[in-house]
Amino acid sequence: MSASAAKGAVVAATQPRRRWHWALALPLGWLMLVVVLAITADWIGLPDPSAQELILRRKPPSAEFLLGTDNLGRDMLSRVIYGARTSLIVGICAPILGLLVGGAIGMSAGYFRGKVDMLAVGFIDILLAFPSLVLALTFTAYLGQSLFNVTLALGILSIPAAARVARANTLAWANRDFVLAARTIGASDWRILTREILPNLLPPMFAFWLVAISVIIVAEGALSFLGLGIPAPQPSWGGMIADGREALDVAPHTALIPAAVMFATVLSLNFVGDMVRNMVDPRRSAL
Amino acid sequence: MNGPSNTPLLSVRNAQVNFSTARGPLRAVDGVSFDLHAGRTLGIVGESGSGKSVLVRSLIGLVGESSGAGVAGQVLFEGRDLRGLSPREFRSVLGTEIGIVFQDPMTSLNPVMKIGRQIGEGLRLNRGLDSKAAARRAVELLNEVGIPEPERRAQQYPHEMSGGMRQRVAIAIAIACAPKLLIADEPTTALDVTVQRQILDLLQGEQRQRGMAMILITHDLGVAAGRSDDIMVMYAGRAVETAATREIFRSPRMPYTEALLRSLPRLSDATHTRLSAIPGRPPDLARRSGGCAFGPRCLYRTERCDAEQPPLTMVGGRGYACFHPRGTEPGGAA
Amino acid sequence: MSDLLAIRNLVVEYPVGGGRHVHAVSDVTLSVKQGETLGLVGESGSGKSSLARALLQLPPPKAGAVVFDGQDLTQMRGQALRAMRPRLQMIFQDPIASLNPRRKVAEIIAEPLIVSGVSDAAERTRRVRAVMEAVGLDPDLVWNRRPHEFSGGQCQRIAIARALVLEPSLIVCDEPVSALDVSIRAQIVNLLEDMKARFGLTLLFIAHDLAVVKSVSDRVAVMYLGRLCEVADSDSLFATPAHPYTAALMAAIPVPDPDVPLGDTKLKPGDPPSPLDPPSGCRFRTRCPHAQPRCTDEVPPLRQIAPGREVACHFPLVG
């Protein structure tokens, strides 16, 4: 048995911990730029993103309009930055909702098992069986389009995945001897869930959150593209792509710029998410 | 080693294995040399982190550049330098001349391949047998390693067998191509004692019958005592004592070996006899000091032990890495 | 000495899918006297760990009684059982897995005190420091560190400190040294012996290593495939094993002395049967060199063959 420990040590030793890599500076830098601009958009002297100047419509990028103007002559730079605000609010908040609800469901299922698990898994499966975009479309169509409703709809859609992550991790941790040890001292289920298991779930949940942000940003884009996302005139990346599609032949920048910004953001999030997942891998962090 | 004086089957000189870890470089194996003669069994004994498994895995290329390790030293197998071979030649030596049995047969066997096929694979690849001949030979081998109803068992998958059976299958795979050297890396650690006894009997029986040399890696001094001709004790990546098995147990020279033997509970002792525990714990290989690695735990440590690393000194056919070796009688007969 | 713990007709079953059950423990009756160490020996599938967990009601057994200090734990529920738990503690095989990797050592050892309502932080600190010193840990060095910073032996000391901090009556030690390095085992065995004397503990010591069991146990019980084979005081059990399985187990132990010849295995060749489908009659009969037709038909009951010696065999080797 001490030999298996030896083998573990060898495996650990042969996997050098992934260190800081210069290539990560690019995605991290981009994300920081997007976040900072989204937060400070009101104070950096941007033109009103909704102000129309029909004479100056579909202008290519120039010194006056750094990213050009759209179909209604609105400043693209301003709209991309204010759109980042929308995308980030939805992208950050919706998975938090999913993690809170799905995490609670998944933890209960993984910890209590038996009937609780059957019910939870059934609920998750039902939620997963609906085509997700159709569900979100129905949702916003009935409740009305607003930032809150879009976030709510996408948050509900992220519940099953979050619940699965929480359940799988809880199953793994709940069988560990330290959980048994907590029971032998008479700890309640609530105390075991919150004090023994939850701290071990936080790293994988955080990694999930990072990945979910990028998925939700794309989903929000798709909703807006279909005209059921954030209502006009509030800018969002998906809405901008939808608007720009009409003039793709004469002014391709109106669709391509928001698409490129979304692409870069999602890609950066995925890179950083992978890095975080590697860092929180218990076999590595145990070193 | 006090084997016959002809060329050894396996000769290892100054083997080193280095890993780079987050906490800095780590020397898992530090200048180990030994010879193994045909037909002999060498027991390599050590605790976790002693480097016993890494050493042997590095000899057969399982630990190397692909796993992020720096490997140095010379490995001669029948006079050929294994480190100088092309990957193709090396694979052929591994497939035909060296058989390996690992600790956990559940992970060393392929879960989705019938065991008859797994045993025959080496024969097809290395001995050029056709599938029919290989399958026939696989059944013979299953019979030889003591598996009842070998024809039926050959058609089964590993999960349909018990742990002891799977280890028998692993042994059948290892000996299929009639190797000259069998490496058994903690072959019974995952098994129950009554099964362990049977597997060790099988290994020893095959080794004697086929005249193979065997390297038996174990943390259990009891296993090494009953099954090896010579023993090499490892501690913190170094060979600290080598001698014929009987001499190691009767008159250990290295204080570590002595302390380890004394710390073992024995059935012959009365209940509640206090064990003579070794204080402290094995050193952290990433924070190595200049002196003897066992020094901090040693009863006989002096200033010299802290300042210098004692080299493995050969006296009368046995070796020890200690400035203050135990035992006053002359060293065992070589 | 009176019985601190009496296990009566204990049955533990686990579902394994397809409506089938593993009979992990079948009708085991066993007692542990106040202040003694009872060794429990068996191989994998013997049910020794299932027995240990069932007596701690983790989970409660399918049938049978576990009488601890006059109270049947199997009849207790909820708060009453939780209030009883601090008196029975457990030490696990894998010391690293038995400690929460995200919590600090001081928190881990203080947790039992918090759960059992010691609300005075200064009092908790005092007791945690005292128990750390008792198990040979320097409180100032280990206080704020996390389990992965320690070796297996150190982690086992932490786990022992956690078990001791509530001053329990009984500690179940489930293979407490088998995951540790050879040079560390004796330290932990000695520590357990010291703690037993210092805190007046009763120990149930589960292991597969007969030499370690003999070293610490006053009495020894041997289990095979969910049933007890033999219960006797340590010295007579190892001097003259009465059950053929005990004899086979002793013959299988590798002795660290090359001058001791490898004797007869005292076993018929073949693998242990699966606990899913144990043999009828005596469960050891498929491997027993002394098996007779009667062993197939009749389950041998545990019977007394000498004062303090019980064996479950139709043809015991002694008595």
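## Salt bridges across the structure

Over all chains, a search of the whole structure finds 45 salt bridges. The model is a predicted one.

One of these pairs joins the side chains of Glu196(A) and Arg103(C), at 3.0 Å from N to O. The pair crosses between chains: Glu196(A) sits in helix H9 of chain A, and Arg103(C) in the loop between strand S6 (88-91) and helix H3 (105-115) of chain C. Glu196(A) and Arg103(C) are both buried.

## Pairs within one chain

In chain B, the side chains of Lys180(B) and Glu78(B) form a salt bridge of 3.0 Å, N to O. Lys180(B) belongs to the loop between H7 and strand S7 (181-185), and Glu78(B) to the loop between strand S4 (69-77) and strand S5 (80-81), so the pair ties together parts of chain B that are 102 residues apart in sequence. Lys180(B) counts as partly exposed because its relative accessibility is 36%. Glu78(B), with a relative accessible area of 37%, is also partly exposed.

In chain C, a salt bridge of 3.1 Å, N to O, connects the side chains of Asp140(C) and Arg129(C). Asp140(C) lies in helix H5 (residues 139-142) and Arg129(C) in helix H4 (residues 121-134), 11 residues apart. Asp140(C) is exposed, at 58% relative accessibility, while Arg129(C) is partly exposed, at 30%.

Salt bridges with shared partners also join Arg191(A), Glu196(A), Arg103(C), Glu107(C) and Glu111(C) into one network.

## Where chain B meets chain C

The contact involves 45 residues of chain B and 50 residues of chain C. Together the two chains bury about 3,800 Å², with 53% of it on carbon and sulfur atoms.

There are 3 salt bridges across this interface, and one pairs the side chains of Arg250(B) and Asp259(C) at 3.4 Å, N to O. The count of residue pairs in polar contact is 26. On the chain B side, the elements giving two or more residues are helices H7 (163-175), H8 (193-210), H9 (221-227), H10 (245-250) and H11 (255-263). H8(B) gives the most, with 8 residues. By class, this side has 16 nonpolar, 16 polar and 13 charged residues.

## Nonpolar cores

The largest nonpolar core has 110 residues, among which Ile197(A), Trp237(A) and Ile109(C) touch the most other members. Helix H9 (residues 189-225) of chain A supplies the largest share of this core, 12 residues. Leaving aside residues up to four places away in sequence, Trp237(A) touches residues including Val34(A), Val80(A), Ile217(A), Pro258(A) and Met262(A).

A second, separate core of 64 residues includes Val29(B), Val240(B), Met254(B) and Cys298(B).

How values were computed: Residues are numbered from 1 along each chain as its sequence is written. Chains are lettered from A and ligands numbered from 1 in the order in which they are written. This is a predicted model: local features need pLDDT of at least 70, side-chain atom pairs count only at pLDDT 80 or more; totals for chains, interfaces and linings use all residues. Side-chain values use heavy atoms; hydrogens and water are left out. Contact means heavy atoms within 4.5 Å. Buried area is the accessible area (1.4 Å probe) that two parts lose on being put together, summed over both. A salt bridge is a side-chain nitrogen of Lys or Arg within 4 Å of a carboxyl oxygen of Asp or Glu. A polar contact is a pair of N or O atoms within 3.5 Å; within protein, one must be able to donate a hydrogen and the other to accept it, and residues adjacent in sequence count only if both atoms are side-chain atoms. Helices (H or I, at least four residues) and strands (E, at least two) are DSSP runs, numbered from the N terminus. Ala, Val, Leu, Ile, Met, Phe, Trp, Tyr, Cys and Pro count as nonpolar, Asp, Glu, Lys and Arg as charged, and the others, Gly among them, as polar. A nonpolar core is a set of buried Ala, Val, Leu, Ile, Met, Phe, Trp, Tyr and Cys residues joined through side-chain atoms within 4.5 Å. Buried means under 20% relative accessible area, exposed over 50%, partly exposed in between (1.4 Å probe, protein chains only).
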